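This report goes through a structure part by part for someone who has not seen it before. The sequence and the structure come next.

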Amino acid sequence: MKTEASLLTVNRPLVTLSNVYKTFHAGTVNEVRPMQGINLAIEEGSFVIVLGGNGSGKSTLLNALAGSFAIDEGRIELDGQDVSQWPEHRRASLIGRVFQNPFSGTAPSMSILDNFSLAAKRGRFRGLSWAHSRHLQDELRDRVRDLRMGLEDRLDCAIGSLSGGQRQALTLLMATWIKPRLLLLDEHTAALDPKSADQVIALTDEIIAREGLTTLMVTHSMQQAINLGDRIVMMHKGNVLHDYSATQKKRLRVDDLLSRFENIRRRELLDESVAELLRARYI
Amino acid sequence: MTLLIGALTLGIILALLALGVYISYRIFDIADITVDGSLTFGAAVASVLLVKHGVNPVWATTAGFIAGAVAGSVSGILQTRFHINSLLAGILVMTALYSVNLHVMGRSNIPFLGAATLSTYCEQAGSVIFSGSETNLWGWIVSSADLTMLLFMFIFVGLIALALWAFLRTDLGTAMRASGDNPQMVKALGGNIEHYRIFGLALSNGLVGLAGALWAQYQNFADVQMGIGMVVWGLASVIIGEALTGATGVGIAIIGTIIGSILFRQLVAIALSFGLNPNDLKLVTAVFVLAALVLPNMMSKFTFRKQKRFL
């Protein structure tokens, strides 16, 4: 299946980041540089896991793709179009997203049905037609029943009354209701208890496999990184440090990833001690 | 009885103002003081068209709505395009509108003095419907003009409320509601939250302008001061409505807001007839809203403490 997909892909990748730079709070003490000339190409149909420590720029990478901020330099191409200048809401026509915080992906005081009626119009024109169409209600009931969370009879409940796991499962369903060209998952299980996290991960895997979605998933969990996806991108200090292809990834174990991280940490310590040394000598 | 009908009619007219405040306060979660200016703006535009230009009252009233909507969209543009705090944007537009209103009206007060208005229409219609200038209502003798005005306003505001309810359940209306609830999510689903905010505030202040135009025609004059403190009035109506209905859905909230407005006007009429100094009215309204905002919090703290003792 995987080889088939790679054979079928056209030469042109679905997503290309070329030499992307971003600095926040430039010129102040809070200056952060989460993107320092990132180059990355993602083939259609691939499921990429993004790893990295705190402040490595992995969430920023996803936000740059989604258009949460304008990049300083470089170019982002999506589905053959240069989307670098597109505002967030325009890129939403191509992108589905699930956030780390279960509260971010749904409108809490509105019903499940209301929320899905919004998702059913992702990136499309919203006019004066009835939001709760019979068709939407029927399809929603079926697909929510498939979640096996007992939510199919509670479609009129405010979504804010549900648990984090339920909300993330629904957000995932909302993000993929209209098939997105690219699915962005930003540590979407990090805020959940282990059992809900497993449920949501199983659902994620199922939906991505069924729909053949091109996905970028940020995670902190090495186990998830090993079990899911067909490529791992490891980030460090605003750049791609390692890039494991599907075949390399198959041989990878949790320990390998951990030792990679250990290396990074050691190098960082070294950096600091060298800097300390130089400072002591020259200042 | 005449007093009661008067208070009812005014309560229903001001329900439009309350619905406008409901949109800004409950949907977008902002206290939009533009209302104070746009109420007068709607009244000013309508009254000038009626008195100076002899325009048909229906068109003059529509112009009141449009005037309010323009004021609201200016406020919305200040908030979204120029990132001005919603409270400050409201204050700026309200202040600017004070001068604009004086310019539009040409002086601080316009009496209608025999110009054709919705009131005169109702007077004519009333004498036809109830065959005579006075009518017997369950043993009370009331003016048929007043009664017709009340009925007309009741039906009109009911239709507007129905239209608002329907709008809030369309794709656009749902997205607008969500943009106040969770802007991040709406952006991720391809909604332009800036447009929704501008449009929502235009709609909100349009309703307020409409209320102003109707109010002026009901009381037969427009005054440059009539908008002062009206946002608090609207808030009071919304809060009473929520307290009465428990407001879960949009439809119930809309009905609650209308009932809240009518009830609040009744309370004021009763208080005034029992000798409340009209000068204290704004103070009492403000204290009422403050209490309504603070008390639920204090109550829950109190019950929480009580529960804790049992644990």
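Which residue is the bridge partner of A:Met235 in β10(A)? The bridge partner is A:Val240. The model in which this pair is found is predicted.

## The hairpin of chain A

A:Met235 and A:Val240 are bridge partners in a pair of antiparallel strands, β9 (residues 231-236) and β10 (residues 239-244) of chain A, joined by five bridges. Two residues separate β9(A) from β10(A), and the strands form a hairpin. A:Lys237, in the turn, has a positive phi of about 45°.

## The sheet of chain A

Inside the order, β3 (residues 47-52) and β8 (residues 215-218) of chain A run parallel and are joined by four bridges. A:Val48 has A:Leu216 as its bridge partner in β8(A). In general, the side chains of a regular strand alternate between the two faces of the sheet.

## Chain A as a whole

Chain A has ten helices and ten strands. Its radius of gyration is 20 Å, close to the 19 Å given by the globule rule for 283 residues, so chain A is as compact as a globular protein of that length. Along the principal axes, the C-alpha atoms of chain A fill a box of roughly 75 × 40 × 40 Å.

Of the 283 residues of chain A, 39% count as buried. Among the contacts in chain A between residues at least 6 apart in sequence, 71% join residues at least 24 apart.

## Two loop residues with positive phi

Most residues other than glycine have a negative phi. A:His25 has a positive phi, near 50°. This residue lies in the loop between β1 (15-24) and β2 (32-42) of chain A. Is A:His25 buried or exposed? A:His25 has 10 other C-beta atoms within 10 Å, and is therefore exposed, the cut-off for that class being 12 or fewer.

In chain B, B:Asn220 has a positive phi near 65°. B:Asn220 is found in the loop between α9 (193-219) and β4 (221-223) of chain B. With 16 other C-beta atoms within 10 Å, B:Asn220 is partly exposed.

## Where chain B touches chain A

How many residues of chain B are in contact with chain A? There are 18, and they are in contact with 26 residues of chain A. Two helices of chain B, α7 (171-181) and α8 (183-188), each supply at least two residues of the side that touches chain A. The largest share of that side, seven residues, comes from α7(B).

By residue class, the side of chain B that touches chain A divides into six nonpolar, seven polar and five charged residues.

Notes:
Residues are numbered from 1 along each chain as its sequence is written. Chains are lettered from A and ligands numbered from 1 in the order in which they are written. This is a predicted model: local features need pLDDT of at least 70, side-chain atom pairs count only at pLDDT 80 or more; totals for chains, interfaces and linings use all residues. Two residues are in contact if their C-beta atoms, placed from the backbone, lie within 7 Å. Ala, Val, Leu, Ile, Met, Phe, Trp, Tyr, Cys and Pro count as nonpolar, Asp, Glu, Lys and Arg as charged, and the others, Gly among them, as polar. Two strands pair if DSSP finds at least two bridges between them. The radius of gyration is taken over C-alpha atoms; the globule rule is 2.2 Å times the number of residues to the power 0.38. A residue is buried if 20 or more other C-beta atoms lie within 10 Å of its own, exposed if 12 or fewer, and partly exposed in between; C-beta atoms are placed from the backbone.
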